[in-house]
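Here are my notes on how the two parts of this chain meet. Please read them with the structure open.

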Amino acid sequence: MKESLDKDIIIKELGRSVFSSNFIFHQKINSTNTLAKELALKGEPHGTIILAEEQTAGRGRLNRKWLSQGHENLLFTILLRPPLSADNIFPLTIILAISAIDAINDMTGLNVLIKWPNDLYFKKKKLGGILTEFSLKAGVAEYVILGLGINVNWMPGEGDGLSYPATSLLAESGIRVSRNRLITGILKRFEVSYENVLSGKTDGLHLSWNKLSLVIGKDVEIISPDEVIKGRAIAIDHKGALLLKNALGEEIKILSGDVSLRF
Ligand code: BTN
């Protein structure tokens with residue numbers, strides 16, 4: 001039986017959580033990130049969640065579109081107002097990825113990995129992605145919005161307009177996952193990790209984000225608008241930067257870009 005997203009069920013399951021007090025649900029919206037940005041500018045509080053069954057203009061990183069079949073997948077954005085400087089914001093993306101990976105593993109047994117910086121992969125196919133956007137005021141985050149899209153009960157295939165190999169939880173596990181339970185599981189885990197990030201307890205998280213990385217130990221190309229950097233991915237550091245070793249044995253720190261992997 002198909003399950004609809006149900007705000008009341010999610011709020012009840014979240015219980016006492018920063019994410020249960022301003023939970024916004026839309027059947028159809030342009031993009032949960034776009035609305036989150038508008039609401040952030042209007043002063044909506046830390047912990048606001050925007051969830052939608054369907055997006056008409058879903059956005060991905062690097063001005064890409066995020067295509068997703070309505071009523072089958074998970075599309076939501078978390079609005080945060082963390083007391084963090086610019087170079088401490090990136091771990092928030094990674095803890096959301098880890099929260100999603102753990103919740104997915106709990107519900108399906110699948111071992112999903114992170115393709116640095118923001119993609120969720122199962123084997124060689126993309127399962128989800130995170131779009132992080134933020135604004136700074138006097139060097140500190142005014143708001144951070146983290147938008148997560150996961151292919152849940154969709155069967156991506158020919159003619160769906162995707163330019164990369166994609167998959168879904170249903171396609172890989174054969175299980176129709178409850179999206180209400182999945183978002184609850186993700187938000188509960190994220191809330192705990194978020195507190196750890198704020199209090200500087202990131203050692204355990206740092207181990208997890210290296211262990212769950214698809215790129216560590218692999219030869220990669222980092223593609224940015226200005227250049228292509230080649231090297232072997234060595235580790236992800238405490239701030240979330242990717243460390244590479246190039247052919248000359250020099251260590252290079254990558255803060256952003258698109259990773260190309262030869263599978
Ligand atoms: C990427 O892979 O480039 C990131 C994709 C992020 C997609 C999610 S879906 C919910 C939220 N709203 C958006 O418009 N984008 C993010």
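**Notes on the domain interface**

1. Start with the size of the interface. This is a predicted model. Domain 1 and domain 2 bury about 1300 Å² between them. Carbon and sulfur atoms account for 52% of that area. The size of an interface is often quoted as the accessible area that is lost when the parts come together.

2. Next, the layout. Domain 1 spans 7–211 and domain 2 spans 219–261 of the protein chain. Their centres, taken over C-alpha atoms, lie 24 Å apart. Domain 1 puts 16 residues into the contact, and domain 2 puts in 15 residues.

3. Now the charged link. How many salt bridges are there between domain 1 and domain 2? The count is 1. A salt bridge joins the side chains of Lys 239 and Asp 87, with an N to O distance of 3.4 Å.

4. The rule finds 7 residue pairs in polar contact across the interface of domain 1 and domain 2, with both residues at pLDDT 80 or more.

5. Which elements give two or more residues to the side of domain 1 that touches domain 2? They are α3 (90–108) and α6 (203–211). The most comes from α6, with 4 residues.

6. Last, the make-up of that face. The side of domain 1 that touches domain 2 has 7 nonpolar residues, 4 polar residues and 5 charged residues.

Methods:
Residues are numbered from 1 along each chain as its sequence is written. This is a predicted model: local features need pLDDT of at least 70, side-chain atom pairs count only at pLDDT 80 or more; totals for chains, interfaces and linings use all residues. Side-chain values use heavy atoms; hydrogens and water are left out. Domain bounds come from an automatic or database domain assignment. Contact means heavy atoms within 4.5 Å. Buried area is the accessible area (1.4 Å probe) that two parts lose on being put together, summed over both. A salt bridge is a side-chain nitrogen of Lys or Arg within 4 Å of a carboxyl oxygen of Asp or Glu. A polar contact is a pair of N or O atoms within 3.5 Å; within protein, one must be able to donate a hydrogen and the other to accept it, and residues adjacent in sequence count only if both atoms are side-chain atoms. Ala, Val, Leu, Ile, Met, Phe, Trp, Tyr, Cys and Pro count as nonpolar, Asp, Glu, Lys and Arg as charged, and the others, Gly among them, as polar.
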